[in-house]
Amino acid sequence: MTDAAASTGAPPTASPEPPVLSPLARIRAILGGAAGNLVEWYDWFAYSSFALYFAPHFFPKGDTTAQLMQAAAVFWVGFLARPLGAWLTGLYADRAGRRAALTLSVSLMCAGSFAIALLPDYSAWGPLAPICLVAARLVQGLSLGGEYGASATYMSEMAGKTRRGFWSSFQFTTLIMGQLTALAVLILLQNLMPRADLEAWGWRIPFVIGGLLAVVVFIIRRGIHESPAFLAAQARGVERLGAVQMFRRFPRETAMIFILTSAGSLAFYAYTTYMQKFLVNTTGFTKDTATAISAGSLVVYMLIQPLFGLLSDRIGRKTTLTFAFGAGALATFPVMSALSGIGSPWMALALVVLLLVILSGYTAVNAILKAELFPAHVRALGVALPYALANSIFGGSAEYAALAFKKAGAESGFYAYVAIVMAIAFLVALRLRDTQKQSLILED
């Protein structure tokens with residue numbers, strides 16, 4: 001069956017068979033795509049991991065909460081650029097190929113990281129410094145908006161039918177690994193550098209590292225294989241769709257991706273990037289202890305992604321999704337409330353891990369689920385654009401919303417907000433078709 005037939009319900013027609021890949025070739029392609037994904041997300045998360053140290057340099061006025069709110073606002077600005085990056089890179093990936101789009105996205109991330117590393121602070125450039133910081137984050141947002149759709153599509157198409165859930169879960173495994181690497185660099189610098197040096201200039205080091213790693217990945221990605229699904233669609237000469245046409249032809253799919261991503265992204269950033277600040281600013285742990293708790297929880301989170309991916313190959317993506325959003329809606333408020341007053345780092349770690357285990361039912365399968373909903377000729381755009389829109393609105397604003405609730409003296413309102421959005425996603429997940437059995441990724 002062709003992709004055009006799959007999207008319209010028309011009878012299948014003869015079409016060129018996609019190239020057959022050996023298991024070793026599939027693994028090499030997936031690992032090649034995953035390496036770049038890791039570096040992209042490391043560069044993105046280095047900002048939030050080191051915000052506690054560089055926020056006073058760019059936003060010197062106000063108390064700690066005010067400074068973090070301003071840094072979180074810039075973090076959100078980066079998200080606002082992601083839909084544009086998703087749109088442009090998604091179109092590019094569906095026309096020029098997944099490999100070309102992946103190479104472009106890592107080039108932009110490299111430029112953004114080096115810009116932040118070299119940027120003078122407020123004492124040198126005054127108000128121009130935070131403006132330039134915003135510009136650098138916009139470039140990184142464009143990059144990551146394109147990266148998600150291209151890498152999720154590429155890795156899903158290269159995974160093979162029988163273990164798509166397992167292999168595509170490495171897209172999120174490397175996402176977490178990128179975040180964990182950023183935290184590992186932070187822990188290393190906290191232990192090797194005097195605190196005064198880290199706060200004065202050491203926070204620039206991770207951005208230099210990210211820029212250099214992006215150069216390496218650029219070279220790697222130029223040598224990876226193109227996706228057989230894209231090559232087959234290209235050979236058939238199927239119609240290429242723009243964003244408006246995509247929304248018109250696939251309204252149900254795009255709406256579902258938007259709602260599921262809204263809840264998944266909000267919960268993810270609440271449980272991970274904001275959690276580090278929450279443990280310092282609300283629970284009262286030291287920065288070093290909060291970083292260690294965040295790092296430990298992320299290690300567990302990273303390791304269980306392939307397990308949930310493998311589970312989805314057996315019981316279906318829909319089942320793991322409904323578990324994630326249903327259990328998340330019930331657990332978020334009581335667990336976050338308990339974390340706000342807990343005294344033991346080990347108990348805090350256990351509670352954060354509990355939230356992340358629940359969320360894994362979504363994160364491990366989110367890439368393959370979205371890719372299976374669209375035919376190849378519009379897959380990269382279909383995966384990337386509704387995801388980026390939802391991520392910008394709900395994921396990017398998570399930290400700012402949490403801090404705003406805290407500043408208003410109603411911090412528990414944020415816990416309720418996350419739970420309500422997850423409950424809505426649970427209802428949507430119940431109406432989702434089983435993409436494991438009705439996938440539009442046609443190759444074996």
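**View 1. The largest cavity, with a volume of about 90 Å³.** Welcome to the inside of this predicted model. Thirteen is the count to keep in mind here, as 13 residues line the largest cavity. Those that lie nearest its centre are Gln 179, Leu 183, Thr 272, Thr 273 and Gln 276.

**View 2. The helices around the largest cavity.** Two or more lining residues come from each of α2 (23-49), α10 (170-192), α16 (273-283) and α17 (287-315). Sorted by class, the lining of the largest cavity holds eight polar residues, four nonpolar ones and one charged residue.

**View 3. The second largest cavity, at about 80 Å³.** This cavity, too, has 13 lining residues. Take a look at Phe 172, Ser 265, Phe 268, Tyr 387 and Asn 391, which are the closest to its centre.

**View 4. The helices around the second largest cavity.** Here α10, α15 (251-271), α19 (345-363) and α21 (379-395) each give two or more residues to the lining. The most comes from α15, which supplies four residues.

View 5. How many cavities of 30 Å³ or more does a search of the whole structure find? There are two.

Technical notes: Residues are numbered from 1 along each chain as its sequence is written. This is a predicted model: local features need pLDDT of at least 70, side-chain atom pairs count only at pLDDT 80 or more; totals for chains, interfaces and linings use all residues. Side-chain values use heavy atoms; hydrogens and water are left out. On a 1 Å grid over the protein atoms alone, a cavity is a set of points where a 1.4 Å probe fits but cannot get out, and a pocket is an open set with protein on both sides within 12 Å along at least five of seven lines; lining residues have an atom within 4 Å of a point. Grid points are joined across faces, edges and corners, and a volume is the space filled by probe spheres set on the points. Ala, Val, Leu, Ile, Met, Phe, Trp, Tyr, Cys and Pro count as nonpolar, Asp, Glu, Lys and Arg as charged, and the others, Gly among them, as polar.
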